[in-house]
Amino acid sequence: MGVFGEPMALRYLIWLLEGFAVTLLLSAAVSVAATGLGIAVCGLKLSGRRPLVILADTYVSIIRNTPLLVQLFFWYFGASALMPSGLMTWLNTPHVLDAVLVSLHWPAFETIAGFFGLTLYAGAYIAEEFRAGINGVDPAQRESAMALGLRPALVFWLVVLPQAVRIAWLPVVGQYLNTIKNTSLTMAIGLAELSYASRQVETETFLTFQAFGIATILYVAAVAVTEAAGHAVARSGRFAWATQRP
Amino acid sequence: MRRLFLLLIASFLASGAAHADRLDDIKQAGVLRVAAFDSNPPFGFVDPDSKQIVGLDVDYAKVLADKLGVKLELRPTNPANRIPLLTSGKVDLVLANFTITEERAKQLDFSIPYFSSGQQFLAKKGTLTSPDQLNGLRIGADKGTTNEIVLRRDFPKAVVVAFDDTPFAFTALRNGNVQAITQDGPKLVGLLANVPDRENYEIPPFTISDDYIGVGIPKGEKRLADVVNETLLELEASGKAAAIYDAWFGPNTKQPLPRLFKIGDKK
């Protein structure tokens, strides 16, 4: 009997670690995709073209004003009911692509729906963080650059964007941290990430405290490492150079 | 001394003969007291029209009382009270969807099983016919159930997707996210009864694990147990057991479930 009570058999620890790996991979994939989506949506918002602005605003407000769990149910249970049954069959059958050294497994539908739902969710928030970053750049910066005779595109590229990225960076990292935690909701659609694995271990072993305790520690570790990395990037020379105020 | 010893033995024998067992008590009283469920259809529940307790368990209790030639007195019970009622002598038998377990068998005796409910599957028609196919399928289960554990243990290549509740699992089946869902047979039947397009689904006639239901008998009442077991076997032989089953789970009932288990299949 250690601090955690009765020790857990190795196979259950492996289940938890496999779940943790799924959580990390899913979080990373969602963060990358949501960053791209966020930039694109932010671009639409700043485009000044009315239909595009309305489109972006509608997307952001729908996503931000509904619970993530409901959105995940919608993509997994709701949207899949609307798709043609042939497509659903294809999505639900395992597909393996044998490359030279590795074989690539097409992910299960739970993974696709979870990835899609989380990306749309995080993308809306990240778009707003970027927009806030751009709006946060002092207007005098833009005006001075224009006065120097730079073309508007160069003003944006060389003067506004670097500063906006610096302003937005830590809030965006905050969204990455939220994404790590939000992946736990995908257990409701049967995605075997860390929370799903800890519940599964609990069901089989009745080691409730241990199962959820280990999951908690792994989440804390993932969040702490990501946060530290985000701050390290913010302090790094290159980032600081790019965003140095004159 | 020797005489005293003989006397002692004689008195023991006499007391043994005078102390009648439960079977004699029942016959003498003219009443068989049976604990049955009153809210667990179709095993034991209060019939809304007659206000009497009826059900599959009750039908068996009636047959046992008839066999003993006594009146049946039903005593409503719940899962937690079944063992105390029996061990305290308040009832003679328990017929209340009583699953036979080793733990319970330490406190009471069980008859041979007269009903079995097993872990079964619900799938779209024609997709699942034998347990061998399970290893290649994606199967929905309820989180935290033994169904989930058994499936993972016995069919390691099946992809088990656990959902919060049976309706979620069923939606996943409907949408094609899983090819089958698993639960206890009677529960699947109840689920299917409420599905609008139920003709598209089926419960393939096999189980992957079984719970056996027996009559609870007071510990050590050998003669009573013998009568119960003999009666159950007679019921199977005469076709009466099948008739009782069909009355509650037959094709014309609300919850048709094929009869996979026959009395005497398992001792």
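1. B:Pro42 is found in the loop of chain B that runs between strand 2 (39–40) and strand 3 (44–46), where helices (H or I, at least four residues) and strands (E, at least two) are DSSP runs numbered from the N terminus. The peptide bond leading from B:Pro41 to B:Pro42 is cis, with omega near 0°.

2. On conventions, this is a predicted model in which local features need pLDDT of at least 70 and side-chain atom pairs count only at pLDDT 80 or more, while totals for chains, interfaces and linings use all residues. Residues are numbered from 1 along each chain as its sequence is written, and chains are lettered from A and ligands numbered from 1 in the order in which they are written.

3. Chain B is divided into domain 1 (20–114 + 214–249) and domain 2 (119–210), with bounds that come from an automatic or database domain assignment. Taken over C-alpha atoms, the centres of domain 1 of chain B and domain 2 of chain B are separated by 32 Å.

4. An unreviewed UniProt entry places the feature "domain: Solute-binding protein family 3/N-terminal" at residues 31–252 of chain B; UniProt positions are given in the numbering used here, feature names are shortened, and annotations may be inferred rather than shown by experiment. In the model, residues 31–252 of chain B are 35% helix and 26% strand, with the end C-alpha atoms 34 Å apart.

5. For chain A, the UniProt annotation "transmembrane region", again from an unreviewed entry, covers residues 20–47, 68–88, 108–127, 148–169 and 206–229. Among these spans, residues 108–127 of chain A are 95% helix and 0% strand, with end C-alpha atoms 28 Å apart, and residues 206–229 of chain A are 92% helix and 0% strand, with end C-alpha atoms 36 Å apart.

6. Where do the two chains meet? In the model, 15 residues of chain A are in contact with 13 residues of chain B, two residues being in contact if their C-beta atoms, placed from the backbone, lie within 7 Å. On the side of chain A that touches chain B, helix 3 (68–82), helix 4 (85–92), helix 5 (109–135) and helix 8 (194–205) each supply at least two residues. That side of chain A is made up of 5 nonpolar, 7 polar and 3 charged residues, with Ala, Val, Leu, Ile, Met, Phe, Trp, Tyr, Cys and Pro counted as nonpolar, Asp, Glu, Lys and Arg as charged, and the others, Gly among them, as polar.

7. Helix 8 of chain A also packs against helix 9 (residues 208–235) of chain A at an angle of about 165°, with their axes 8 Å apart; axes are lines fitted to C-alpha atoms, for helices over the stretch in contact, and angles run from 0 to 180 degrees between N-to-C directions. Helix 8 and helix 9 of chain A are therefore roughly antiparallel to each other, given that angles under 35 degrees count as roughly parallel, over 145 as roughly antiparallel, 65 to 115 as roughly perpendicular and the rest as oblique. Their contact divides into 8 nonpolar, 4 polar and 1 charged residues.

8. A:Phe206 lies in the loop between helix 8 and helix 9 of chain A, and, although not a glycine, A:Phe206 has a positive phi of about 60°.

9. Helix 1 (residues 10–46) of chain A packs against helix 9 of chain A at an angle of about 30°, with the axes 11 Å apart, which makes helix 1 roughly parallel to helix 9 of chain A. Here A:Leu16, A:Phe20, A:Thr23 and A:Leu24 of helix 1 meet A:Ile214, A:Ala215, A:Leu218 and A:Ala222 of helix 9, a contact of 7 nonpolar, 1 polar and no charged residues.

10. The axes of helix 2 (residues 50–64) and helix 5 of chain A come within 9 Å and cross at roughly 120°, which makes helix 2 of chain A oblique to helix 5 of chain A. In this pair, A:Tyr59, A:Val60, A:Ile63 and A:Arg64 of helix 2 meet A:Leu120, A:Tyr121, A:Ala124, A:Tyr125, A:Ala127 and A:Glu128 of helix 5; by class, the contact has 8 nonpolar, no polar and 2 charged residues.
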